[in-house]
Amino acid sequence: MPGRVWTYQKTTEKYNLKLSNRVSARLADHQIRIAIGAVSLNYRDLIALKNKAGRNVDGRVPASDGAGRIVEVGSAVRQWKVGDRVAGCFFQSWQSGRFEMRHHKQDLGGTIDGMLADEVILDENGVITVPSFMTDHQASTLPCAALTAWYSLVVRGNLAYGSTVLVLGTGGVSVFALQVAHAHGAKVFVTSSSDSKLIRAERLGAWQTVNYRSNADWDKAVLKATDQMGVDHVIETGGPGTLEKSMNCVAAGGQIAQIGVLTGFGPPTTSLFPLVARNVRLDGIYVGHREAFIAMNQFFEQKKIQPVIDRVFSFDDAPAAFDYLESGQHFGKVVISNEGNNMS
Ligand SMILES: NC(=O)c1ccc[n+]([C@@H]2O[C@H](COP(=O)([O-])OP(=O)(O)OC[C@H]3O[C@@H](n4cnc5c(N)ncnc54)[C@H](OP(=O)(O)O)[C@@H]3O)[C@@H](O)[C@H]2O)c1
């Protein structure tokens, strides 16, 4: 049966999105077919669409993050059955352990086709079970943003009860970091360009907040809140334009999870020596592995952590969802609903 699929189409400088139909392929022995119920967008999908990193995605199906239900399994598949509800893993090949560069050839919606389709075929080890209480909309938000926050704080950061965490902005990764940290009993400092978003962050448990647009010295506000000690963990989604201030307000012996490029791909604006002077760990983070995804979902199941969805677009309206993400109006996640398939 043909199913709908969005693909990137190259124009002179960037990409457009094209909707078409594709015929279902046959499954290999270890593959599964998933009817996609919902897809969520990440800033990375905008980087691809706008060609900000010069990556060739011509003809590629966008989006790493999707959830749905298995509708067919290959002849050798034993761990899944028809009807199981799953989400895809960002890096299909990164099962556990240290990152290896070969995994970059297995990233959904980047080097290989992603989830923005009626159905996708993945390897049986490239998916995980979603938390049972979540709708497809909610489960679709987990593979990149939530796992990045979890992997930064819990796996690499050994997040402890009572520690302090700084999250920059209120996009997908940052709001999940706030929820994960709060659920671990950490005190979370949130920055945003919007006072109304800061009120929403407080409702989710933020300990203190500052508007980084009206208060350019947000690093000083963080220091003041921590009696000049600084925070134990920084969720650094900004990149070169914010690293200097993050270094100013991280605690001695703390961790900066270097995640994002919201201020660009250029070099940092300052010396990196404060990292040395303060004995700070700068952790390069690229999402996380399947084993961590499974552990995170168990935690979310236990704590009933509800992903924060700002707005849901219909499948046919996918380009509008990208535009909305680019506008920066969202708090948390932007979702594309595959109405025919989803369970929500
Ligand atoms: N390394 C990884 O594994 C990984 C995984 C996921 C994402 N990322 C990267 O992490 C970043 C965030 O991704 P996302 O998907 O969460 O993005 P997103 O949902 O699009 O978040 C955008 C939000 O970031 C905030 N922001 C923008 N510029 C900022 C600045 N200069 N200082 C502080 N906050 C700023 C704004 O929040 P306010 O509106 O509240 O101001 C904006 O709404 C991106 O660069 C993305 O590429 C990396």
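Helices (H or I, at least four residues) and strands (E, at least two) are DSSP runs, numbered from the N terminus. The model shown in these views is predicted, with local features needing pLDDT of at least 70 and side-chain atom pairs counting only at pLDDT 80 or more, while totals for chains, interfaces and linings use all residues. Residues are numbered from 1 along each chain as its sequence is written, and side-chain values use heavy atoms, with hydrogens and water left out.

Helix α4 covers residues 172-183. The expected span of a helix is 1.5 Å times one less than its number of residues. Ten of the twelve residues are buried, so α4 is mostly covered (buried means under 20% relative accessible area, exposed over 50%, partly exposed in between, with a 1.4 Å probe and protein chains only). Among the buried residues are Val-173, Phe-176, Leu-178 and Gln-179. Gly-185 follows α4 and has a positive phi, near 80°.

**View B. The packing of helices α3 and α9.**
Two packed helices are described by the angle between their axes and the distance between the axes. Here α3 (residues 142-156) and α9 (residues 290-303) pack at about 90°, with their axes 10 Å apart. Axes are lines fitted to C-alpha atoms, for helices over the stretch in contact, and angles run from 0 to 180 degrees between N-to-C directions. The angle makes α3 roughly perpendicular to α9 (65 to 115 degrees; under 35 counts as roughly parallel, over 145 as roughly antiparallel and the rest as oblique). Contact means heavy atoms within 4.5 Å. On the α3 side the contact residues are Leu-142, Pro-143, Ala-146, Leu-147, Trp-150, Tyr-151 and Val-155. They meet Ala-292, Phe-293, Ala-295, Met-296, Asn-297, Phe-299 and Phe-300 in α9. The residues of this contact divide into 13 nonpolar, one polar and no charged (Ala, Val, Leu, Ile, Met, Phe, Trp, Tyr, Cys and Pro count as nonpolar, Asp, Glu, Lys and Arg as charged, and the others, Gly among them, as polar).

**View C. Leu-142 in helix α3.**
Leu-142 is found in α3 and is buried, with a relative accessible area of 0%. Not counting residues up to four places away in sequence, Leu-142 touches Pro-131, Met-134, Leu-147, Phe-176, Phe-293, Met-296, Asn-297, Phe-300 and Pro-307. The C-alpha atoms of Leu-142 and Lys-333 are separated by 9.8 Å, although the two residues are 191 residues apart along the chain.

**View D. The nonpolar cores.**
A nonpolar core is a set of buried Ala, Val, Leu, Ile, Met, Phe, Trp, Tyr and Cys residues joined through side-chain atoms within 4.5 Å. The largest has 47 residues, and Val-165 and Phe-300 have the most contacts inside it. Two or more residues each come from α3, β8 (164-168), α4, β9, α5 (195-203) and α9. The largest share, nine residues, is from α3. Leaving aside neighbours within four places in sequence, the contacts of Val-165 include Leu-153, Leu-159, Ala-181, Val-188, Phe-189 and Ile-235. Another core, of 36 residues, lies apart from the largest one and has Ile-36, Leu-46, Ala-321 and Tyr-324 among its members.

**View E. Ser-192 in strand β9.**
Ser-192 is in β9 (residues 187-192) and counts as buried at 2% relative accessibility. Its contacts, not counting residues up to four places away in sequence, are Gly-169, Thr-170, Lys-197, Leu-198, Val-210, Asn-211, Tyr-212 and Arg-213.

**View F. Two loop residues with positive phi.**
Most residues other than glycine have a negative phi. Asn-51 is not a glycine, yet has a positive phi of about 55°. Asn-51 is found in the loop between α1 (43-49) and β4 (65-73) and is partly exposed, with a relative accessible area of 21%. Asp-227, also not a glycine, has a positive phi of about 50°. The loop holding Asp-227 runs between α6 (218-225) and β11 (231-236), and Asp-227 counts as exposed at 65% relative accessibility.

**View G. Ala-25 in a loop between strands.**
Ala-25 lies in the loop between β2 (15-22) and β3 (31-41). With a relative accessible area of 43%, Ala-25 is partly exposed. Leaving aside neighbours within four places in sequence, Ala-25 is in contact with Arg-33 and Ile-121.
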